[in-house]
Amino acid sequence: MGPMRDAANSDTEMLDFTRAELGTAGNPLKVAVVGSGPSGFYAAEALLQSRLTVEVDIIERLPVPYGLVRFGVAPDHAKLKSVTAVFQGIARDSRVRYFGNVTLGIDISIHQLTEMYHGVVVSTGASGDQRLNIEGEELEGVHAARDFVGWYNGHPDCASYHFDLSQEIVTVVGQGNVAIDVCRILSKSVDELRGTDIAEHALDALAGSRVREIHLVGRRGPVQAKFTSKELRELGTLEGWQPVIDPKDLELNAASLEELNNPNLANAKKNFEILKGFAEKPLDGRRPLYLDFLQTPVSLGGDHRLRAVTLERQRLEGDALNQVARATGERVVRPSGLLFRSVGYRGKEMPGVPFDDKRGVIRNKDGRVVDASGQRFPRLYTSGWIKRGPTGIIGTNRACSVDTVARLIEDLPMLEAARPGRNALTEYLGQRQQRVVSFADWLSIEQVELDRGRERKKVAEKLVSVSEMLAATDVAERAAA
Ligand code: NAP
């Protein structure tokens with residue numbers, strides 16, 4: 001018996017001296033995974049693929065699963081969403097139960113979950129975003145890219161947002177793949193997006209867009225940009241828009257040349273070739289999508305709404321791989337009525353869970369949750385973006401969750417105390433009269449979305465409010481009764 005055995009269960013244990021080893025048929029390992037995005041599903045999958053007998057409950061705040069795959073991946077990147085077939089297979093495994101519409105910290109506390117389960121894996125992703133922290137950031141017309149992404153993807157939290165697409169000049173700050181997604185959705189024609197699962201409210205608003213110039217602004221140079229080359233290349237295939245680059249921005253300093261020739265930075269080399277290709281193309285009358293390097297906004301101006309962005313020219317300082325942007329003092333003011341900051345996502349603190357505010361992640365050591373002094377938080381684990389920060393592609397979360405689950409399994413001797421698991425959760429939520437959404441309920445919501453999509457010749461028309469989602473499951477239940 002390990003040091004973390006809790007007193008609460010010692011009576012049961014003393015009586016239950018015949019109890020089988022944890023993780024066997026007589027004593028299944030009961031784990032709650034909080035969050036049903038990629039990292040949550042991959043944690044569940046890793047548990048299913050272990051040699052142990054397990055019971056896995058996936059707890060999700062919204063009625064609908066899949067997190068960032070549903071609400072982050074751009075609607076015109078349908079292929080990336082095909083991973084939901086894998087997640088569906090996991091959810092349908094008889095050892096797994098989905099508890100949708102249950103919020104950690106509101107409907108149930110972390111303390112309650114660790115009392116109910118042998119282990120709890122928090123995989124809630126990065127639900128906030130980084131700010132620029134400059135003057136004027138509160139002006140109307142200044143938005144987090146995350147909110148725009150949530151809006152066009154029909155996230156219930158963002159469905160009622162308004163983005164003033166009557167503005168002609170848009171600035172997108174940050175040079176990662178989210179920034180590219182925002183630029184692509186702003187620049188694709190409504191006809192190109194119509195057949196996707198983009199939210200209807202977004203399609204309607206984009207149909208009236210007057211945007212005619214976009215600036216994708218990065219504080220560092222073309223070799224340091226975070227885009228992946230596949231996404232960057234796609235900007236060159238837009239029907240009505242042309243990527244435009246100042247050739248001077250492609251003149252590299254010695255450290256950047258060194259980075260460009262680093263065999264570990266193959267993406268940077270590919271990006272550079274693509275950017276050179278963009279720069280060589282003469283302007284052909286399509287609308288310009290400027291890729292502005294070595295610039296950063298230092299203040300945003302306007303009365304109550306954004307009118308102009310003051311940008312400061314940057315230069316790179318430091319050795320290869322560690323170059324940082326430094327202000328040169330050279331400033332330019334550019335008119336712009338709409339700005340999206342796309343400078344990274346950030347995890348949000350949850351009640352009762354140790355949080356590293358500087359990094360925006362749950363405090364952890366290799367996925368084991370620890371407090372500020374490094375002491376283990378018994379039974380609590382974390383995986384995905386809330387564990388390591390918002391980096392990597394969907395598949396990166398698989399390895400991350402596999403690693404966390406391996407730590408949990410290493411800890412089995414410390415997790416032995418009896419736990420009621422699913423029965424206790426079901427009973428507790430029943431007492432609270434919580435409307436729990438099962439995976440079968442989700443499948444009926446999905447069916448409504450597919451049917452509505454078919455009527456509109458779209459892949460799907462998502463339901464964009466929790467009440468609509470719950471109503472869809474009620475209708476399905478009545479029909480089945
Ligand atoms: P990201 O890749 O980390 O890019 C963030 C960008 O913001 C960088 O260019 C960074 O520049 C810049 N930045 C940060 N702080 C700044 C500041 N204070 N002022 C100015 N610029 C600042 O983040 P992301 O675009 O949010 O993407 C998150 C993850 O999701 C990434 O791993 C991404 O690849 C992935 N993703 C993938 C896809 C896809 O596969 N299609 C789509 C979307 C997202 P510095 O480098 O100078 O810090």
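Reply: A residue counts as buried when its relative accessible area is under 20%. The model discussed here is predicted.

Me: What makes helix H7 (residues 177-187) largely enclosed by the rest of the structure?

Reply: Of the 11 residues of H7, 9 are buried, so the helix is largely enclosed by the rest of the structure. The buried residues are Ala179, Ile180, Asp181, Val182, Cys183, Arg184, Ile185, Leu186 and Ser187.

Me: Why are H2 and H4 called oblique to each other?

Reply: The axes of helix H2 (residues 38-48) and helix H4 (residues 84-91) cross at roughly 50° and come within 10 Å. Angles under 35 degrees count as roughly parallel and those from 65 to 115 as roughly perpendicular; H2 and H4 are therefore oblique. Their crossing is left-handed.

Me: Which residues of H2 and H4 meet?

Reply: Pro38, Phe41, Tyr42, Ala44, Glu45 and Leu48 of H2 meet Val86, Phe87, Ile90 and Ala91 of H4. By class, 9 of the residues in this contact are nonpolar, 1 is charged and none is polar.

Me: What makes E3 and E18 the edge strands?

Reply: The open sheet has 7 strands in the order E3-E2-E1-E4-E20-E19-E18, with mixed pairing. Strand E3 (96-100) and strand E18 (364-365) each pair on one side only.

Me: How do you know that E4 and E20 pair?

Reply: Pairing requires at least two bridges, and strand E4 (residues 119-122) and strand E20 (residues 376-382) have 3 bridges, in the parallel sense. Within E20, Thr382 is the bridge partner of Val122.

Key:
Residues are numbered from 1 along each chain as its sequence is written. This is a predicted model: local features need pLDDT of at least 70, side-chain atom pairs count only at pLDDT 80 or more; totals for chains, interfaces and linings use all residues. Side-chain values use heavy atoms; hydrogens and water are left out. Axes are lines fitted to C-alpha atoms, for helices over the stretch in contact, and angles run from 0 to 180 degrees between N-to-C directions. Helices (H or I, at least four residues) and strands (E, at least two) are DSSP runs, numbered from the N terminus. Angles under 35 degrees count as roughly parallel, over 145 as roughly antiparallel, 65 to 115 as roughly perpendicular and the rest as oblique. A crossing is left-handed if the near helix is turned anticlockwise from the far one by less than a right angle, and right-handed if clockwise. Contact means heavy atoms within 4.5 Å. Ala, Val, Leu, Ile, Met, Phe, Trp, Tyr, Cys and Pro count as nonpolar, Asp, Glu, Lys and Arg as charged, and the others, Gly among them, as polar. Buried means under 20% relative accessible area, exposed over 50%, partly exposed in between (1.4 Å probe, protein chains only).
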